[in-house]
Every structure is written in C-alpha cells, then in structure tokens.
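Here is a set of questions and answers on one protein model, meant to be read with the sequence and the coordinates at hand.

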Amino acid sequence: VHPMLEGVFNLLLSWAAMFACFLSDERKNKPNLLPFGPMLVGMQFLTSGFLLPYLFTRSPEFESQVYREDIQGELEAKVAEWRPLGGFLASVGTASIVWSFIGRPEFGEFTERYNSFIDLLSIDRVGSSFIVDLVIFAIFQSWFVDDDLQRRGVIDGELMALRNVAKYVPFFGLAAYITLRPELPSRSTGNEGSD
C-alpha cells in the first residue's frame, strides 16, 4: 500500500474521531433525526457519507447553556468532554502525515513518492474519495463550533481567537479547540464552565 494513501486514510479516520467532541449536539431535549453516536461510528467506515446527512438533518441549537448531564449516556459525556482527545488525535494525524513522507523508503524520495501517489489517485476512486473527504471535513468542521460554544455559554465576540482557529484551521484547529475550549458545566459540582 502506498504510504501517502495510508497517511491520508489514517489522517481522515483520526479527524472523523475528533467529531466525538461534539456529542453534546445530541441530547434528550434536542434529538436529531439521525442520532449522532451511530453517525460518529459510521464516519469511521464511510466518513463524509455519514457526516453530511447528519449535518443536513440535525436540529438547530437553541440552548444557551447545556450541562454535562444533558448529554445522553455517561460514556458519551466523558468522551465529549475529554480534553486529551484533541492532543491524542493530533498526534495520530501528525504521525500519519510523517508516515506519508518517510514511510516505506522503497517508494523513494518526496518527488518520486508524490508523483506515484498522484498516478495512483488518477486510477483509484477510493483513494480519490479520501482526498474529497478531507476537503469536506475541512469545510464542515466549522459548522459545529459556534453551536458548541453557545452550549458552553460563550457569547459572540468572546474567545474569537479560539473560535477562528477552530473554524478555519483544518484538523489541527479542531484539535486545539477540543483541548482549549471551556468545559460544559456540571449540575452536580456547581461548575459554571469557566476556566
């Protein structure tokens, strides 16, 4: 298998897994036509084939404050709020990119490796679809960010640097957002979600 194709594939899967930080989009009082948990699992197999239908059918966010206990399922709440997820998946993505450039030395130096990858993409529809999925993820990762900040009680104009990085820097911006965003408050601890 071409190392650049492997790198793209693994980057794509780690990016899809990052969307777990938005599990608070699915709650008892905000059900979506397509439940987010199964969509997230499906994204590990058909990536944007699951993401796009979910995005277009999800119910709008009306709440200005959501609590950790509002997320359906204890495991989902822990995963959605687990700050190390961003750094962990960013390291997986970084390793995928590095592997693309140095994995399997028999594929040659960068120019030879890149040219053979482009030739492969010209005849491999599945490999080409991975590139399309990366573009789709880059465009649509921002769809969740504003709603997620609203759920955390962040009003327009606040945390603009984090908001912009999360919305406009593909993959790594989302990883930074997961790590640095304010926590959802918890009813049991009285935590108001401020860091």
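Q: How far apart do the centres of the positive and negative side chains of the protein chain lie?
A: The model is a predicted one, and in it the protein chain carries 16 positive and 24 negative side chains.

Q: How many helices and how many strands does the protein chain have?
A: Read from the N terminus on, the elements run α-α-α-α-α-α-α-α-α-α. The count for the protein chain is therefore zero strands and ten helices.

Q: What radius of gyration does the protein chain have, and what would a compact globule have?
A: The C-alpha trace spans about 55 × 35 × 30 Å along its principal axes. For 195 residues a compact globule would have a radius of gyration near 16 Å, and the value for the protein chain agrees with this, at 18 Å.

Q: Which residues are in contact with phenylalanine 137, leaving aside its neighbours within four places in sequence?
A: Once the neighbours within four places in sequence are left aside, its contacts are Leu12, Trp15, Ala16, Phe19, Met43, Thr47, Ser48 and Leu51.

Q: Is aspartate 156 buried or exposed?
A: Aspartate 156 is found in the loop between helix H8 (142–151) and helix H9 (160–168). The cut-off for an exposed residue is over 50% relative accessible area. Because aspartate 156 has a relative accessibility of 71%, it counts as exposed.

Q: Where is arginine 104 found, and what is its phi?
A: Arginine 104 is partly exposed, with a relative accessible area of 26%, and is found in the loop between helix H5 (84–102) and helix H6 (110–123). Although arginine 104 is not a glycine, its phi is positive, at about 50°.

Q: What is the relative accessible area of leucine 159?
A: Leucine 159 lies in the loop between H8 and H9, and has a positive phi of about 50° although it is not a glycine. Leucine 159 counts as partly exposed, and its relative accessible area is 39%.

Methods
Residues are numbered from 1 along each chain as its sequence is written. This is a predicted model: local features need pLDDT of at least 70, side-chain atom pairs count only at pLDDT 80 or more; totals for chains, interfaces and linings use all residues. Side-chain values use heavy atoms; hydrogens and water are left out. Contact means heavy atoms within 4.5 Å. Helices (H or I, at least four residues) and strands (E, at least two) are DSSP runs, numbered from the N terminus. The radius of gyration is taken over C-alpha atoms; the globule rule is 2.2 Å times the number of residues to the power 0.38. Lys and Arg count as positive and Asp and Glu as negative; His and the chain ends are not counted. The place of a charge is taken as NZ of Lys, CZ of Arg, CG of Asp or CD of Glu. Buried means under 20% relative accessible area, exposed over 50%, partly exposed in between (1.4 Å probe, protein chains only).
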